[in-house]
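Here is a short report for a first look at a protein model. Keep the sequence and the 3D view open as you read.

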Amino acid sequence: MKTLQEITSCLGGYDADALAVDEARAVVRAFLSPVTTNERLALRAALGRVLGEDIHSTLDVPAHDNSAMDGYALRYADLRPDGMTTLRLAGSAFAGRQFDRRVGAGECVRIMTGAVMPAGADTVVIQEIVSADGDEVRIPAGQKRGQNRRLKGEDLAVGKAVLRAGQVIGPAELGLLASLGLAEVTVRRRLRVAFFSTGDELSQVGMPLAEGQIYDSNRYTLYGMLTRLGCDIIDMGVVRDDRISLEHALKTAAADADAIITSGGVSVGEADFIRELLTQLGEVVFWKIAMKPGRPMAFGKIAHAGHSAHFFGLPGNPVAVMVTFYQFVREALLALSGRVGDCTVPLMQVPCTSAIRKNPGRTEFQRGKLTRGTDGRWSVCPTAAQGSGVLRSMSEANCFIVIEHGRDSIKPGELVQVQLFDGLV
Ligand code: AMP
Ligand code: MG
């Protein structure tokens, strides 16, 4: 594992005081050591977890050729290419109850969706175009060989790699595992994430607010984001801005958690002892990232009692906390949880309905509302207030408008990139 120093020295023109968003992401990515410990879980309990083993199919799914439609199974070779063919009805096949002999020349079998294809039959004709009179069945011309037949193993074939370690188990994966008959599955243990807020001005919810105090909201947005990411969380409350309290909190967290997230205390105006302390406890860099909101951020690893944890020191402003979390921490925590592959949230291009002022040289994450017009087309509009302390902007928005580092002001109607807050469950 490289040190942070070694990683940053590989970056051409690395400047901790004006780091581009992509450079910061690259440093974070290169400095992560993911969880490798596994546990066995009952299938349903594995929903949302990271798979800890490769899964190969031990079965053919489906196990037999079967019908994709309700209709008649027959031998394609029996059909006349140019006109009506009359076949004799030899019996029926239902899902779970198959036709028990071979289909002979000139015969057909009534078949239901999912029923095993009778031996000898290779084609299914849908019932809607067939006329049946007693055991005489008339089939029109124009059928295709093999139509409406699902092949054995077309979903999963014996020996085929179905899922890879590092994939997340979503509803589709749960279903796939179930279709292989697996009642238990090996997953990575959950990531343990400790978090706390720093600031002498912070008051707890449910308490009266003294003069000059504000309620600690960051711990609630962090709680929400971490819980939705599926982490095991350790909420350490509010920690006072003094050396002894902070040192104690950081050491406790480093001894126990895989990652530590703090809010506040990393901006330029904050006491120097925080930097000193973090540097003493491990390897932490302090960045001023070329982004808005969320400029200051500290990142690294700290250790205590023979155990180390990744450290993310987020800014104090409530919107900056959420933006830096979504843009850096989310992806990092997913990778730390053992997920492999690209976990970035996709960007899409849509027209922006109003002007946005911006100077090149930083990435901006405006809060936007993506809506569909009466013409059916989607467009985005920034929310009214964009201050980094205005948490309401996150609640009113349903997406980020991501304005790239090099980009200038946006004129109404110009295409911009958006990143949706919500996805499929
Ligand atoms: P700081 O980075 O500590 O200088 O904080 C920047 C701004 O964010 C200040 O206005 C703080 O009052 C505010 N702030 C810091 N922590 C929190 C928190 N946990 N909840 C709400 N606001 C906060
Ligand atoms: Mg503070």
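**Ground rules**

This is a predicted model, in which local features need pLDDT of at least 70, side-chain atom pairs count only at pLDDT 80 or more, and totals for chains, interfaces and linings use all residues. Residues are numbered from 1 along each chain as its sequence is written, chains are lettered from A and ligands numbered from 1 in the order in which they are written, and side-chain values use heavy atoms, with hydrogens and water left out.

Helices (H or I, at least four residues) and strands (E, at least two) are DSSP runs, numbered from the N terminus.

**The six-stranded sheet**

Six strands form an open sheet in the order S16-S13-S17-S21-S20-S18. The pairing is mixed. Two strands pair if DSSP finds at least two bridges between them. Strand S16 (232-239) and strand S18 (282-288) are the edges; each has a single partner strand, so one side of each has no neighbour in the sheet. From one strand to the next, the twist averages 15 degrees.

Look at strand S17 (residues 259-263) and strand S21 (residues 307-314). They pair in the parallel sense, over five bridges. Threonine 262 has glycine 313 in S21 as its bridge partner.

**Helices across the sheet**

Contact means heavy atoms within 4.5 Å. Axes are lines fitted to C-alpha atoms, for helices over the stretch in contact, and angles run from 0 to 180 degrees between N-to-C directions.

Helix H5 (residues 243-256) lies across strand S13 (192-198), S16, S17, strand S20 (296-304) and S21. H5 runs at about 175 degrees to S16. Helix H7 lies across S13, S17, S20 and S21. The angle of H7 to S21 is about 155 degrees.

H7 also holds glutamate 331. Is that residue, glutamate 331, buried or exposed? Its relative accessibility is 13%, which counts as buried. Buried means under 20% relative accessible area, exposed over 50%, and partly exposed in between (1.4 Å probe, protein chains only). Neighbours within four places in sequence aside, glutamate 331 is in contact with Arg25, Arg29, Cys343 and Thr344.

**The second largest pocket**

A pocket is found on a 1 Å grid over the protein atoms alone: it is an open set of points where a 1.4 Å probe fits, with protein on both sides within 12 Å along at least five of seven lines, and its lining residues have an atom within 4 Å of a point. Grid points are joined across faces, edges and corners, and a volume is the space filled by probe spheres set on the points.

The second largest pocket has a volume of about 390 Å³. Its lining has 28 residues; Gly264, Pro315, Gly316, Asn317 and Pro318 lie nearest the centre. Strand S15 (214-215), strand S19 (291-292) and helix H7 (318-336) each give two or more residues to this lining. By class, ten lining residues are nonpolar, twelve polar and six charged. Here Ala, Val, Leu, Ile, Met, Phe, Trp, Tyr, Cys and Pro count as nonpolar, Asp, Glu, Lys and Arg as charged, and the others, Gly among them, as polar.

**Antiparallel pairs**

Strand S4 (residues 71-74) pairs with strand S6 (residues 107-111) in the antiparallel sense over four bridges. Glycine 71 stands opposite isoleucine 111 in S6. S4 also pairs with strand S7 (residues 123-126), again antiparallel over four bridges. There, tyrosine 72 stands opposite valine 125 in S7.

**Backbone details**

| Cis peptide bond | Omega |
|---|---|
| valine 61 and proline 62 | about -5 degrees |
| lysine 292 and proline 293 | about -5 degrees |

Proline 62 sits in the loop between strand S2 (55-56) and strand S3 (66-67). Proline 293 is in the loop between S19 and S20.

Asparagine 148 is not a glycine, yet has a positive phi of about 55 degrees. Its loop joins strand S9 (136-139) and strand S10 (149-150). Asparagine 148 is partly exposed, at 26% relative accessible area. Alanine 305 is not a glycine either; its phi is positive, about 50 degrees. Alanine 305 lies in the loop between S20 and S21, and counts as exposed at 65% relative accessibility.

**Glycine 153**

Glycine 153 lies in the loop between S10 and strand S11 (161-163). It is buried, with a relative accessible area of 12%. Which residues does glycine 153 contact, leaving aside neighbours within four places in sequence? They are Asp60, Val61 and Pro62. Glycine 153 and aspartate 65 are 88 residues apart in sequence, and 8.2 Å apart in space, C-alpha to C-alpha.
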